[in-house]
Structures are given as structure tokens and as C-alpha cells.
Protein chains: 2
Amino acid sequence: MDQLRPTLAAGTAAEQAAYRQEVAAGLAGFLDSKRDALLKAAPDAAVLVDAIADLTEGGKRLRALLAYWGWRGAGGGEAAPEAVRAGVALELFQAAALIHDDIIDRSDTRRGKPSVHRQFESQHRRRGWTLEPERYGLAAALLAGDLCLSLSEEAFTSIGPEAGSGTEARRIFDQMRTEVMAGQYLDVLEEVAGPSRPAAAAVDRALQILRFKSAKYSTVHPLCLGGALAGGDPELVHAYAEFALPLGEAFQIRDDVLGVFGDPAATGKPAGDDLREGKRTVLVAHTLNSCSDPERRFLEERLGSSLMADSTVEELRDLIVRSGALAAAEQMIEELTAAAYERLDGLPVGAEVGGALRALADAAVRRNA
Amino acid sequence: MDQLRPTLAAGTAAEQAAYRQEVAAGLAGFLDSKRDALLKAAPDAAVLVDAIADLTEGGKRLRALLAYWGWRGAGGGEAAPEAVRAGVALELFQAAALIHDDIIDRSDTRRGKPSVHRQFESQHRRRGWTLEPERYGLAAALLAGDLCLSLSEEAFTSIGPEAGSGTEARRIFDQMRTEVMAGQYLDVLEEVAGPSRPAAAAVDRALQILRFKSAKYSTVHPLCLGGALAGGDPELVHAYAEFALPLGEAFQIRDDVLGVFGDPAATGKPAGDDLREGKRTVLVAHTLNSCSDPERRFLEERLGSSLMADSTVEELRDLIVRSGALAAAEQMIEELTAAAYERLDGLPVGAEVGGALRALADAAVRRNA
């Protein structure tokens, strides 16, 4: 997000940097206390916390920052502990989702490092332990993700009564969790059931998946959560959602484009990873709808083949471009972004918050990683 | 637990039955509302809730009942909504742990039915979907477990301020989650690293695993949670823990014995399942410490072989009996149970609660399933 600092007023940039630092310190302190507790009671299990700490050190902190500016825009105080704890909870939830997502997608890398299950697998091989390294890696990562999910909740509850039973902030946090898990399931389902479902509705299905799995979770829920925590009125929280939904959709379509066309050096993921994983994104759905029958068979037969050759990735990329799907996706990003910016201009927030949200929006849709 | 009703006074039995019914109704109502929400927003994802509802219909409800009598013993009211919600949260947490545990252990069955990942696998085969059924089954069950874990938290928070930030009940719930996940990790670790670690400490390691993974979670935490929720004083909650720890240890060693010697018709699990999974239980640790070198090699080479023949299960059972490990495990159960009963007699609770806890203790350690 560094490339965007110039668009931020100096005071806003300094405030945001201070919040980021508080979230990083909050994460580290919270995880240190958990590690210490385990080191006393069950030292061997402290590696689960190590894996979580390592993963949460990276990342763009998009969700935490949106929660912060949502909080500020609704009248919350600068660098308030509640906003920091909300950021910590969101970052831990994101880490838990990534750990389990990488198991599901069999991803080898995450944020430029080996994914958590691969790290545990390597530990098994290094130590020369018995039975299968892959199975151990999966089990350890599954448990690290479960622990991370529980810790996210613990951090969220620590916010206090503002996030307690019956509050709007709690309702948003709960809805976020259910929708992300439902969306991930729809994604997995589409990989296996997509080919037997009506092709004409493929783009609609892809849009529903991206809304649940990513758009609402990456932008709408964090921003609204921050607003609700600060006691923002329902109209403001609604206006946040209206701005954030097209932004989140554009964000995820950008992600899908990067998943096929991104530069591995920038994304930290192998080129064409989404194609090997068989992800039926908006990009793929558009292609299926616009190419010839033989091309469609060619694509269907190759999607989800984990051993796909680089040359095949290249052929599929050509097809996606040739079919007009890439252009269609870029146009969707364009239109959604324009809608988001229009709604951003109408948000009843001060210039500082508006500027910060604009910079985050730019980073979300114009990024290369 | 039906066989134990005769030992309960009629009034106690009726109260317990009423609570069980409230928990069952609470679970069903809560999951129905979640299913309805998903059916509106993302109908295909409602199967995740179906899987959870199906699994939570079974089970002995040991944890919910311990929470209830802990609550009652600390002065909580009969069939109070707080106690019902705590029971619902504990049952959902148990279901989440079982779903993920069955993935880790590659278990085919649970509570006499196919395990959740196997159910999703079968769905894939029935529908003739593309890509691998096993992979889909794992992904769907992993997400169902994640959702179940989140719903458990949602149910726990719904108790209200008594379970809010900074309360003793919340501290116990948080500790329970961390310890179960740490304990499951220690269990997985021992399967792969056990053979390269000092055999003399194998029983101690097995005891630590069972304390974290099961004993504290199955008895100590639910009972203390109920007591803390009702505002029980720290001495009472401490006395609960002193009674429940040996009980939980005896409970889990009984489980380990059933995992090797249990009747599949009663346990709902194949005979010798723990041996095929490579579980290094107290039973196995005792055997490793008491048999000859060639016998130890024989056992080490076969533990964790998922395709183990029934005749090999028979041979390993003979070895466990011959080595004196079964007798040693039964003696541990005896001693721990005696310690638990002695402490139960000293608990400052009324005759009704004492009688109910005694019946639950009997069920936990004298069961055959």
C-alpha cells in the first residue's frame, strides 16, 4: 500500500501508520501471551501460535484499516483501544481463513512463504518423523487454523460490552463468519458441480461466490463493523455498505485477474494458480460463456489440474484474452469502482476519513499483488 | 445414559430430562434459524447446517449435563435459559471438534453414521460431480467444522453479560478451546514423533495428551463453566475441578480401552480403530514400556497402518493384554474413579446435585460406548 501514501494528507498518513503499528503490536502482544501460556502448560504445542504469529506479520491489513476508518468516520476516537482490538480480531480471522483455504486449495505458498500446512510438512521431513508428512501437515495446519479462529473470537470479545451479546457490531462479526464459510463452500461446490450446471448462469454464480466469500468480508463487514462499534447511526452504516460492496466486488475481480495474469514476484503465488486450483471465477465464467464449443471443452478439461504445465497456463490465458473475458472483467472492475467512488463522495464523513477511504479503495482495486 | 436412570431420584431424573429436551430444542431452533438465513442468501450452502444438525442430534450430552449440574450446584435456577444456552454452545463446540478430528484421523464413522467428510464424499459420488470426491469431502467438512465452531461461539455469547468480556465463564470457555486444540496437536505430534522420543516417558506424554485433549475438556471445563456462570464462588469452582479432573482422566482411559477392545455395535466405530489410526494412548504407552524388544518393534511397525488386517488387530490386542497394559489401564481407571468419588462426597452441593453428578460419573467411566 506504500505506493498510495502520496495521495494521503500527512496527518492522515501518520494516524494510519500509528494505527497499523498498534494493530501489529496488539497482535504480537496477544499472541506472545498465548505462546507463554502454552509454553508453560504444553510446550510442544506452542508451534501452533508460532505459525499464526508468522502469518499475521504479513498482509496488507486492508480489513483492519477499513474498520479503523469506519470507526473514525462514525465519531470513534483516534487510535482507541476498541478499534485496535477490532483490527486484531479481523486480522486473526483473516489468518484463520487463509490457513484453512490453503489446505482446501492445496496451495504451496502464501504471502511469499510456504503455506502453513507445507511448513508443518517440512518440519516433519526435517525431523525424519514417522508416518506421512502430508497428513501431519494437514492435521497441524487444520488445528492452527482452529486455534486462530478461536483467538480471533477472543480478541473480538475483549473489545468489551460494545461488542457483546445483542450489539450491532457482534451481529456483523457473526454474519461475516457465516458468510465467509458459506462463500468458501459455494466456491468448492462450483469447482466440482459447475460443469453440470447451466453455463448461462455461470457468471451469476461466480458473482454470488465472490460476494459471499470475499467482497462483503473484505470491505463491507470491516467498514460497517468499525462504524457500528463507534455507535454510528444505521443510515451511516448503510451508506458504508453501499460504498463498500461495489468496492469489494471490484477488489475480488482484481484478485481473480491477478490469480491468472499476476506477476508471481508481486503476488507471492505461482502464475496461473487459480487455473490449477480449478477456481470458477468471474473471469472463467465469462470465458465459458463467450468461447466456442471446442474451446469450452478444452478449458473444462484442464481447469483444476494441479499438474498443469506452464505452456497450458499460457494457452488458457490466451483463450481468456481472446474470448473477451479479460476485457469484460476489467470493465466490471471499472464500473464497480466508479460506483464505489460515486458513493464514497456522498458519504457523510469528514475530509480526512474520506481521503483515507479513497486511498484504501485505490489500493484495493489498482494493486498488482 | 439410560441405564443409569434407576440411580437417580425421580425428581432429579425428570429435571435432567427436561434440561436435555431444552438443549435439544435450543440446538434445533438455533440451527433452524441459521439454515433459514442461508436458504435465503445462499441456498446451496445450507447443507453445511444440515450436517451440523444431523451430528448434534446424537451424542450423550455429557458436557451439557455437567454444565447444568455445575450451574445448579452453584445456585443457578432450574432449566434457566443461560444454562440451556451454555449447553447448546458446548454441544456445538463438541460437534466442531468431532468433525475436524474425524478429518485428521480419517475416521469413516461417527456416532454410528458416516463421518461428515465421508457424507460429503458420498454426495459427490452420488451426483457424479467432477474432480476428486475425497478432496471435496475434506473441504466441505473442514468448512462445516469452521461454521460449527463459529456457531458455538455465537451460542455462547448469546448467554449475555454473564459470559461477556472479563467474566470467569468466558475465561473457562476460552481456555477450553485453546487446550483442546493444543491437546489434539500433541496427539497428532505423538503419532509421528513418539517413536523417536524416550519410551520411558511415553506414559507421561500420553497422560498429558489425554488431560488436554479430553479430560479437562470433557468434564472439568463444562462443570466449572456451569458453576462460574451461576456466580459460584472460586472455592466451589476449584472443588468442581478437583473432582472432575480424575473423573475426566478415567473417562478418557475408558475411551482408550473401548477404542481397542470396544464392541463396534455399541461404540459405532470399527474394532481396533485407535490402532489403525496410530493413537499413542496410555494403553499403548504401557504396552511399549512392558513388552519385549521384538514385541515393541512388532507394535511400532504396525501402529497407524490404516489397512491393518483384523487378524493383526487381534494380535495387537493379545499383546496389550499379555503385557499387562490392559490391567494397568483398568487399575488407573479404578484409582482415578475412586479419587473422583471421594472428592464428589466432599463437594458442598445438595443431595440432588450430588446424586446427578454421581450418575454422570458412573456413566462416564462404566460405559461401553
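Entry 1. I looked up Arg35(A) first. Arg35(A) counts as buried, at 18% relative accessibility (buried is under 20% relative accessible area, exposed over 50%, partly exposed in between; 1.4 Å probe, protein chains only). I took a salt bridge as a side-chain nitrogen of Lys or Arg within 4 Å of a carboxyl oxygen of Asp or Glu. Both residues sit in helix 1 (residues 10-41) of chain A, 3 residues apart, about one turn of the helix. Helices are DSSP runs of H or I with at least four residues, numbered from the N terminus.

I noted the ground rules here. This is a predicted model, in which local features need pLDDT of at least 70 and side-chain atom pairs pLDDT 80 or more, while totals for chains, interfaces and linings use all residues. Residues are numbered from 1 along each chain as its sequence is written, chains are lettered from A and ligands numbered from 1 in the order written, and side-chain values use heavy atoms, without hydrogens and water.

Entry 2. I moved on to Lys213(A) and Asp187(A). Their side chains meet in a salt bridge of 2.7 Å, N to O. Lys213(A) is in helix 8 (residues 202-229) and Asp187(A) in helix 7 (residues 168-193), both of chain A, so the pair ties together parts 26 residues apart in sequence. I found both Lys213(A) and Asp187(A) buried.

Entry 3. I checked a pair in chain B. Glu134(B) and Arg125(B) form a salt bridge at 3.0 Å, N to O. Glu134(B) is partly exposed, with 42% relative accessibility. Arg125(B) is also partly exposed, at 47%.

Entry 4. I then counted and traced links. Over all chains, the structure holds 72 salt bridges. One network of salt bridges links Glu153, Arg170, Asp174 and Arg177 of chain A with Glu153, Arg170, Asp174 and Arg177 of chain B.

Entry 5. How is chain B superposed on chain A? I read off a rotation of 180° with 0.0 Å of shift along its axis, RMSD 0.0 Å. In chain B, the C-alpha of Gly164(B) is nearest the axis, 3.2 Å from it. Both copies use the same surface: 100% of the contact residues of chain B recur in chain A (contact means heavy atoms within 4.5 Å).

Terms used. Helix = DSSP H or I, 4+ residues; strand = E, 2+ residues; numbered from the N terminus. Least-squares fit on C-alpha atoms with pLDDT ≥ 70 in both.
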